[in-house]
Amino acid sequence: MTDLHRDAPAVREFWTGLGLPGLFDVHVHFLPPNIQRAVWAVFDAAGPKIGRAWPIRYRTSHEERLATLEELGVRRFSTLPYAHKPGVATYLNNWSAEFAAARPQVLRSATFYPEPDAAAYVAAEVAGGAAVFKIHLQVGEFHLDDPLLDGVWGVLEDAGTPVVVHAGSGPVGNDFTGPASMERLLRRFPRLAIIVAHLGAPECEAFLALAERYDRVHLDTTMVFTDFFGVDYPADLLPRLRDLQPKVLLGSDFPTIPYPYVEQLTGLAALDLGDDWMRDVCWHNGVRLFDAPAG
């Protein structure tokens, strides 16, 4: 039995112990092979946007990773492409749509970038069935209220399609990360469905406050409460995080994590926020947000 196969029993024991049919993970990545190799090379180099050694545990082929997720019991998951420069979003979106088409467990995922045709191709993705979008402010180096995105936000607000946004300054911040541009954006488009990746770490309180203030702002747990991530979530925020039970979603960053998948789950369980909170985070909230089959 390989190390990756040894990961599965603990994960399955976790969700079966909660009486769940599996896990709903809103923060998973599958990318075209050439883009995936480039992304992993950035992590391997531990460059300025990574900031530390980052060994990738689940560095296997697409089919092997799909089999791993099935073995773990991750029943529903995104693929979250993210554009890092102009001109690549359509390529990523076309690949992602094809990848999802034959795989009912996959949330069809898409991305966008500040460029003149962004509103048009986002509208086409929404019409074609995209379930979730992903953008990454640290990598793409843009603000959420870039004028080239005004039309995009209007389309997404009207459609109600969620957007996973990496806006927090972890692992390494720059001039584009932090809560400021999201605060400005939500003042103009308050009905946007946003999923704040990584609980917004390390600016956890500011992003939590946005989830409290705006009806459709959610938080995902990706990598927070694991030893590796290096962010101590403030203990005084935990009662507020508990109160946001319907708006917290399980995320993992699979496959680009340096530890067994179960560590995300045990880190959440150690918060001692209750089994009902864990059931919602690990399954029911994803089902509700994405209107997915419940079993």
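Predicted model: local features only at pLDDT ≥ 70, side-chain atom pairs only at ≥ 80, totals over all residues.
Helices (H or I, at least four residues) and strands (E, at least two) are DSSP runs, numbered from the N terminus. Residues are numbered from 1 along each chain as its sequence is written, and side-chain values use heavy atoms, with hydrogens and water left out.

Backbone first. Most residues other than glycine have a negative phi, and most peptide bonds are trans. Here are the exceptions I picked. Pro 202 sits in the loop between strand S6 (194-196) and helix H10 (204-213). The peptide bond that joins Ala 201 to Pro 202 is cis, with omega about 5°. Next, Pro 171, in the loop between strand S5 (163-166) and helix H9 (180-188). The bond from Gly 170 to Pro 171 is cis too, and its omega is near 0°. Then Ala 46. Not a glycine, yet its phi is positive, about 50°. Ala 46 belongs to the loop between H3 and helix H4 (62-72).

Now the largest pocket. A word on terms: on a 1 Å grid over the protein atoms alone, a pocket is an open set of points with protein on both sides within 12 Å along at least five of seven lines, where a cavity is a set where a 1.4 Å probe fits but cannot get out; lining residues have an atom within 4 Å of a point. Grid points are joined across faces, edges and corners, and volume is the space filled by probe spheres set on the points. The largest pocket holds about 540 Å³. What lines it? Helix H3 (33-45), strand S4 (132-136) and helix H7 (137-140) are the elements that each give two or more residues. H3 gives the most, with six. In total, 27 residues line the pocket, and Val 39, Phe 43, Tyr 82, His 136 and Val 139 lie nearest its centre. By class, the lining has 14 nonpolar, ten polar and three charged residues. For the classes, Ala, Val, Leu, Ile, Met, Phe, Trp, Tyr, Cys and Pro count as nonpolar, Asp, Glu, Lys and Arg as charged, and the others, Gly among them, as polar.

On to helix packing. Axes are lines fitted to C-alpha atoms, for helices over the stretch in contact, with angles from 0 to 180 degrees between N-to-C directions. Contact means heavy atoms within 4.5 Å.

Take helix H6 (118-128) and helix H8 (150-159). Their axes are 8 Å apart, at an angle of about 20°. Ala 118, Ala 119, Val 122, Ala 123 and Val 126 of H6 meet Gly 151, Val 152, Val 155, Leu 156 and Ala 159 of H8. That contact counts nine nonpolar residues, one polar and no charged.

Last, helix H12 (262-269), with two partners to show. Against helix H13 (275-290), the axes come within 11 Å and cross at roughly 150°. Leu 265, Leu 268 and Ala 269 of H12 meet Trp 277, Met 278, Val 281 and Cys 282 of H13. Seven nonpolar, no polar, no charged.

Against helix H2 (8-17), the H12 axis comes within 9 Å, crossing at roughly 35°. Ala 10, Val 11 and Phe 14 of H2 touch Val 262, Leu 265 and Ala 269 of H12. This contact has six nonpolar residues, no polar and no charged.
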